[in-house]
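Take a look at the structure below. The text after it starts with the chain as a whole and then turns to one helix.

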Amino acid sequence: MKITRREMVLGWLTLVVVLAGISFWWGSATLEEWKKTRSRIMEGRKRIEWIERSIRRRPQLERRFAELSRQLPRYELGQDVTAEILKNLERMARRHGFQLLRREPEKEKDLGDLFQVAVNCSWQGSLESLVHFLYDIQTSGAMFDIDQLTVSPAQGGPGELKGTLKLVVAYTRGSRETAGGSGGTRKR
């Protein structure tokens, strides 16, 4: 059997097309893997840059943390602080004519050096009393933080509002010796 030149060229072209198809099929799968790998590498680089920036900012962040920690009240280990927190909250509300209808403290959370208690409250008052109450909480230092706040019109009349709020109260625990002699027991 004699192969003509034309058959030889067709055979080579067929072989080239089959090899090109296989290469394309294999190459497209590999190309997708390369794209995914490249995107993971870029994400890793961004994360490394963020970590390096954080490391460079560490002294500044530690100073800020120490400053905020000094603003937090310190209570003795084992001391129940919920009653005092509720009294402080009620005193702030009364000062602005803001009514706290219900106050339900959650269980204390130990976050290492920091402790916190969340207090769920139902409230009623005018917009002005709400704003003054929230401003008082905001300016009282690092101790109080509003986590959630809902507001809706109340049936008491025009300008009356009602709602709920979740107040998170942060503090530290330990004796003066634990605090390294700085600060001591401080109450608001």
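**The chain and its helix α2**

Of the contacts (heavy atoms within 4.5 Å) between residues at least 6 apart in sequence, 66% join residues at least 24 apart. The model is predicted: local features need pLDDT of at least 70, side-chain atom pairs count only at pLDDT 80 or more, and totals for chains, interfaces and linings use all residues. Residues are numbered from 1 along each chain as its sequence is written, and side-chain values use heavy atoms, with hydrogens and water left out.

The chain holds 3 helices and 6 strands. These are DSSP runs, numbered from the N terminus: helices are H or I with at least four residues, strands E with at least two. Their order from the N terminus is α-β-α-β-β-β-α-β-β.

Now the overall form. The C-alpha atoms fill a box of roughly 110 × 55 × 25 Å along the principal axes. Buried residues (under 20% relative accessible area, 1.4 Å probe, protein chains only) make up 26% of the 188 residues.

Turn to helix α2, residues 82–95. Its 14 residues reach 20 Å from first C-alpha to last, close to the 20 Å expected at 1.5 Å a residue. That expected span is 1.5 Å times one less than the number of residues. Which residues of α2 are buried? They are Glu84, Ile85, Leu86, Asn88, Leu89, Glu90, Met92 and Ala93. Their cover includes strands β1 (74–75), β2 (99–105), β4 (115–126), β5 (144–153) and β6 (160–173), as well as helix α3 (127–139). Just after α2, Gly97 takes a positive phi of about 70°.

Technical notes. Buried means under 20% relative accessible area, exposed over 50%, partly exposed in between (1.4 Å probe, protein chains only).
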